[in-house]
Amino acid sequence: MAKLFVFGIGGTGSRVIRSLVMLMAAGVKIQNCDKIVPIIIDPDTQNGDMNRTVELLKTYKQIHDKLGRRDEGFFHTDISTLSSIAGDGSSKIRDSFVYDFGGINKPFKDHVGYNQLDIDSQALVDLLFTKENLSNSLDVGFRGSPNVGSVVLNEIIESPEMRFFASNFQAGDRIFFVSSIFGGTGAAGFPLLLKNFKDSRIGLPNAASLNSALTGAMVVLPYFSLEQPAAGVEADFIDSNTFTTKAKDALSYYQHHLNGINAVYYMGDTPDKPLENNPGRASQKNDAHLVELLSALAIVDFMDYTDNDLISNEVYHEFGLREDVDQVQFTHLDQETRDRIAKQLIRFHYFERYYTQHVPDDAQAAYARGVDLMGAIRNEPIFKELDKFLKHPDYGYQSWLRELGRKERTFAALNVSESDFNRMVADKQIETGFLNKGIHQGSFVKELNRASESISDRDAFRATIQAFEVATDKLVEEKLKYA
Amino acid sequence: MLLTRFKCSASFLLLCVVVVLSGCYTRNENSAAETEPAATVEQPPAADKAAPAATPAPEKVNVNLYLEISNGMKGFMPPAEAGKEPTVFQSRLNKLISEIQDGRYVAEKKYYLAREDKQGQPVLDSVSYNTMKSTVVSGIRANVLGTPLPDLLKAALEQSVKQNAVSVIISDFIHGPHPDKRGQFISLDSDIRSSLKEAEQQGLAIAVLADASGFYGNYYPAVKKPATSRTLTGEEVPFYIWVIGRQQEVLAVTKNIFRNLPPQQAYFGFDYKDVPFSAILKANQFRPAGTVYCASRNADPCTAIKLLPEKSIPVEFTLGLDLSALPRQLQQENYLKRNLKVIGSGCKASLVSVTAADDAVRASPDLARYTHFLRLQVPQLIGTSGTITLQLPQVQPAWIDAWTTNNDNNPAADPKKTYQLDKIIDGVQALYRDQRTYLFNVTIKFNKAD
Amino acid sequence: MIQKFFSGLYELLLGRPLPANFTNDYREVVFPNTGLQLVLITLAMVILYYYVFNRIMSTGFYKTQHWVIMLLINAVIAFAIPLIQVNNNGIETHSYTYMFAFVNTVYSLVLFFLFSILLKRGSVQAWTTPMKWPNKK
């Protein structure tokens, strides 16, 4: 019953987890654990990136729970909120994928009790923090200010959530941090949490297990820039020009003070077109980015290592493409990476395309009729969840894939707008001829019917998902012949 | 109003249900009963197949011709003179012996002149064709007494049986017994019967052809009063040709050798055991009416049928018969219509019409085998199975009575009559009376249709 | 046995054959031949539909409309069989012949449906055509 706790810290953490969920939905296998417990740590409760990731996680969980435990297939990886891992309802904490900061909506100045300090202490505070730091409200996050974050986040170790986490941590469970090095929350939170978990003197339960737990981290280096505000506009903003400087500082800190970590992954890119500058709140809702998808792969990779591999030596990874191209296809990924995700993503993409485009016309097909799929789609809420997962304009798969194609370096392995199955995979198109029509509605439904033959489950949702798993596998192997 | 209409339709509906149910029921019952007759139907085709092939008419026959040459016959054969027409007798006989001698249908031929010797016994002088011909053409010169009829017939028959030939006996058949044996007048019929006994025993048949011919000379009637003889000059006197032999041979002779038969014919001892016949149910020319069909689908000929006459639709169907083996005269539609008897067993049956084959029928291969078509009507069944029998009885032709007289003393006043011809014929008939009541007999089986 | 069965089957609706003189042609040849052909052809059509088109070949003709097309083709064949049979056996055509063809067509519909229900389970693509009943998943 090994678990993996994934701490997604800050906006970047949320976004990487979003991509991780997509990979899990596609059926990418995460080894050596039974359950993933995502914990998003972001004081900015209104953060758009976080909120849509949370919605996505909830939807995923519903779908997974409906499908039940399985070793492979779409949505097979189990996820859980922190509060529900005990499984006995004994937890007093909120049932959420997000760490609850308990509504810190006051300015940092008030949070540290600046006005109650003596004058010397005030002077020290003034030295460490700018006026803006002090007067900014905390509920929008730390705005790229690790100095603020490190103070506030240090407190969460004392929180009931962290105690609950620690007391439910078991030997064999692993921890993974995802954070950006250049932001506020992430840059401050990751080393801080790590330090606390690995400090044997700290008063958390199960300290021994925590101290010896296999731990990995994804450190996202700068990969985007932000627009400079128009001159004269007095507004809150994050200055992306400081990203590189902050990253350098942080790295040098990590060099000496990052103890007790078994694997560290680095990922970055040269910034392209600047993003809209939205320091926090709901408006911080950035398009999904290739870097996040690739960062999510770090988690998969981390879990591929056996315990022994990680105990014996620390590993450090940087990600590299085979070619520096703007439109990244599966062929540009390393073979190992490709093997991990390509077929799964293609299958899921086929599933999504067919499910949204053609299933409504398949009322008479055997696979649909056999379980009264049309009635189930109308009446069973789980299909609504699936619809959300695939099509929700905020966090659905379609939006995610579309967003991935918007940046200068795009994820172009799957042609988002293509409706012809034969042209969907960028690096492998199916040759069609007079007799061979490749993959089309007819051949797809044929495989679905064939697949549904052997499926004994009479639940419409489970049977349909299983049918799609078998059918897409067959199509990828036999028609697309993807290798 | 509305209510009664409802009642009506309701009872109609009820009636429908009853009809449907009862229909179902009777069907089952019938199909159960069906098996048994169906099995019996199977066998007739095999037996019938052989029928048309039975005893084909012989290619050639042996013929013995016997011509009585008593004084009484002289008048038929007056010596030829220039400018004088030959008598009917002469021309007919001339053709006859010529056909026998040179025609292609005769194998062995023998000619005999029949007379009586001094002891009153019949003598048959075998003569050559030329002698026979000159006798017919030039007449009889010698004074020859007439032979008593029974003796002549007996002698001729014995001779022919020995030689396996058909007897053709030509005589005026005026019975002139010896003055010492007047009693023979009384026993003429039984005497004839005795004399022809052998014919019956040998299974031979007899055809009697009668014609009349001009007579020139002395005529010796059987009845000697008031005149023992009369001199005739061309008055018509009957003469007879008797053909005795096996049925097929007799028919061959009458058909091939005589060519032109006189209208007066009588046949004795004829019997047709196997007249080919079939119910004609599928021909367009003879559509049946009502429910009737052959018991066996492929039966050819069809000799067993299934039928189901209904009150409004009596069954009517046609029976095809091959009567080509019958003497021509008996094949006539009118004759058959008059004499055929239809006997239904288990049903009522009647004869509607008799049609001889016409060209259209002969052109149709299935029908060409049959010469006559009998339309039968069955208005009602009495049993669930039975037979319909068609019989053609042996009938004494009407001309026999017309040609019979009890006093032939004056032929000029009462021409074309023979003394006690009916008695002679009675004698012949008596010969066959017991076993040959019918010329032919055709039986078709039927079952009630299911 | 077969003759009795089919004769009974057709005469149940048609009554005794007309014209009556061809009764045993109908009973011994036409009815059993037609009946057997109807059964065999319908069976073949159903097998063709469910096992060839929708199992071996997977042509995509799995919809009810395709099934109906097969049903109708079979019905047309079923209408033609009696006419051909009657013609080939030298039986006079009669209004009975057309009634017979019609009844045969009706039987073909029933039979096609029956065979479909019995055999559709073995089809991969069309086991729910024309409807799922009576099969369970």
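Chain B has an average pLDDT of 78, and 84% of its residues score at least 70. The structure described here is a predicted model, and pLDDT is the predictor's confidence in each residue. In one part of chain B, residues 1-54, pLDDT stays under 50. For these residues the model has 26 contacts beyond four places in sequence.

**Chain B**

Chain B contains twelve helices and 18 strands. Of its 450 residues, 41% are buried. Among the contacts in chain B with a separation of 6 or more, 79% are between residues 24 or more positions apart.

B:Ala402 lies in helix α11 of chain B, which covers residues 398-402. The residue has 12 other C-beta atoms within 10 Å, and a residue counts as exposed if that number is 12 or fewer; B:Ala402 is therefore exposed. Between B:Ala402 and B:Ala368 there are 34 residues in sequence and 38 Å in space, taken from C-alpha to C-alpha.

**The two domains of chain A**

Chain A is divided into domain 1, residues 3-319, and domain 2, residues 337-480. The centres of these two domains, taken over C-alpha atoms, are separated by 33 Å. Across the boundary, 28 residues of domain 1 of chain A are in contact with 29 residues of domain 2 of chain A. On the domain 1 side, helices α1 (10-26), α2 (48-67) and α11 of chain A each supply at least two residues. Helix α2 of chain A gives the most to this side, with nine residues.

Helix α11 of chain A, residues 290-304, has 15 residues. From its first C-alpha to its last, this helix reaches 21 Å, close to the 21 Å expected at 1.5 Å a residue. Because 13 of its 15 residues are buried, α11 of chain A is largely enclosed by the rest of the structure.

**Contacts with chain C**

Chain C is in contact with both chain A and chain B. Between chain A and chain C, 13 residues of chain A are in contact with 13 residues of chain C. Helices α14 (366-369) and α18 (441-453) of chain A each supply at least two residues of the chain A side, and the largest share, six residues, comes from α18 of chain A.

The contact between chain B and chain C takes ten residues from chain B and eleven residues from chain C. Strand β9 of chain B, residues 291-294, gives the most to the chain B side, with four residues.

The table sets out the classes of residue on three of these sides.

| Chain B, touching chain C | five residues | three residues | two residues |

**The largest nonpolar core**

In soluble globular proteins, nonpolar side chains tend to be buried together. The largest nonpolar core of this model has 290 residues, of which A:Val6 and B:Ile305 touch the most other members. Strand β5 of chain B, residues 204-219, provides the largest share of this core, eleven residues.

The surroundings of A:Val6 can be listed by name. Apart from neighbours within four places in sequence, A:Val6 is in contact with A:Ile17, A:Ile36, A:Val37, A:Pro38, A:Ile39, A:Phe176, A:Val178 and A:Ile299.

Methods
Residues numbered from 1 in each chain as written. Chains lettered and ligands numbered in written order. Predicted model: local features only at pLDDT ≥ 70, side-chain atom pairs only at ≥ 80, totals over all residues. Expected span 1.5 Å × (residues − 1). Buried ≥ 20, exposed ≤ 12 C-beta atoms within 10 Å, placed from the backbone. Contact = placed C-beta atoms within 7 Å. Nonpolar A, V, L, I, M, F, W, Y, C, P; charged D, E, K, R; others polar. pLDDT = per-residue confidence, 0-100. Domains from an automatic or database assignment. Core = buried A, V, L, I, M, F, W, Y, C linked by C-beta atoms within 7 Å.
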